[in-house]
Amino acid sequence: MPILSPRPSQLDRDEFVATFGGIYEHSVWVAEATVASGLGKTDDTPDGLAERMAAVVDDAGADAQRALLRAHPELAGKLAVAGGLTAESTAEQTSAGLDRCTPDEFAAFKSLNETYNAKFGFPFIVAVRGLTRQQILAAFRARVDNDLETEFRTALDQVHKIARLRLDTMAC
């Protein structure tokens with residue numbers, strides 16, 4: 001079973017927040033609440049810590065969850081073009097080739113981002129690792145037709161998946 005490095009159960013509050021505060025995009029409160037509840041050896045694995053952090057988000061209420069969703073960048077959006085993404089988001093978007101969009105793909109992302117944001121009030125979120133630009137655009141086109149309740153839950157599920165993938169990269 002993989003173990004996180006460093007081991008969360010061996011860190012003090014500040015070390016834990018410094019190490020795991022970026023797991024949920026621009027939402028250090030998730031790490032703060034997780035460490036405040038106490039950490040044990042089960043939290044030293046990606047599975048254990050992912051479950052604990054996801055529970056914090058799921059128990060936070062709709063306003064905090066909406067703020068978490070709004071903290072995510074648009075895919076192939078203005079921040080990406082300007083180089084303003086977090087290191088994690090940059091690596092994730094680059095791994096999917098979003099930095100190499102054709103003009104038509106970039107235009108499609110721009111249009112979909114505008115439509116999606118206007119409809120839902122938060123950016124489209126998908127765990128892009130392992131997906132191609134075409135797969136991401138297909139998911140984007142399909143999900144923009146969801147109702148708010150379905151898309152809110154889907155976006156949160158994707159945020160949890162991103163967090164888990166980020167934790168997996170910290171395991172040894």
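**Figure 1. Overall fold of the predicted model.** The protein chain contains 9 helices and 0 strands, with helices (H or I, at least four residues) and strands (E, at least two) taken as DSSP runs numbered from the N terminus. Its radius of gyration is 16 Å, close to the 16 Å given by the globule rule for 172 residues, so the chain is as compact as a globular protein of that length; the radius is taken over C-alpha atoms, and the rule is 2.2 Å times the number of residues to the power 0.38. From the N terminus on, the elements read α-α-α-α-α-α-α-α-α. The C-alpha trace spans about 50 × 30 × 25 Å along its principal axes. This is a predicted model, in which local features need pLDDT of at least 70 and side-chain atom pairs count only at pLDDT 80 or more, while totals for chains, interfaces and linings use all residues. Residues are numbered from 1 along each chain as its sequence is written, and side-chain values use heavy atoms, with hydrogens and water left out.

**Figure 2. Surface and burial of the protein chain.** The accessible surface amounts to about 8500 Å², and 54% of this belongs to carbon and sulfur atoms; areas come from the Shrake-Rupley method with a 1.4 Å probe, and for residues only the protein chains shown count as cover. Of the 172 residues, 45% count as buried, where buried means under 20% relative accessible area, exposed over 50%, and partly exposed in between (1.4 Å probe, protein chains only).

**Figure 3. Surroundings of R143.** R143 lies in helix 8 (residues 133–143) and counts as buried because its relative accessibility is 10%. Its side chain makes a polar contact with the side chain of E151 at 2.5 Å. A polar contact is a pair of N or O atoms within 3.5 Å; within protein, one must be able to donate a hydrogen and the other to accept it, and residues adjacent in sequence count only if both atoms are side-chain atoms. Apart from neighbours within four places in sequence, R143 is in contact (heavy atoms within 4.5 Å) with residues including Y116, F120, F124 and T154.

**Figure 4. The buried side of helix 6.** In helix 6 (residues 87–95), S89, E92 and Q93 are buried. These residues cover an arc of only 95° around the axis, which puts them on the same side of helix 6; the arc is that of the directions from the helix axis to the C-beta atoms. G97, with a positive phi near 80°, follows helix 6.
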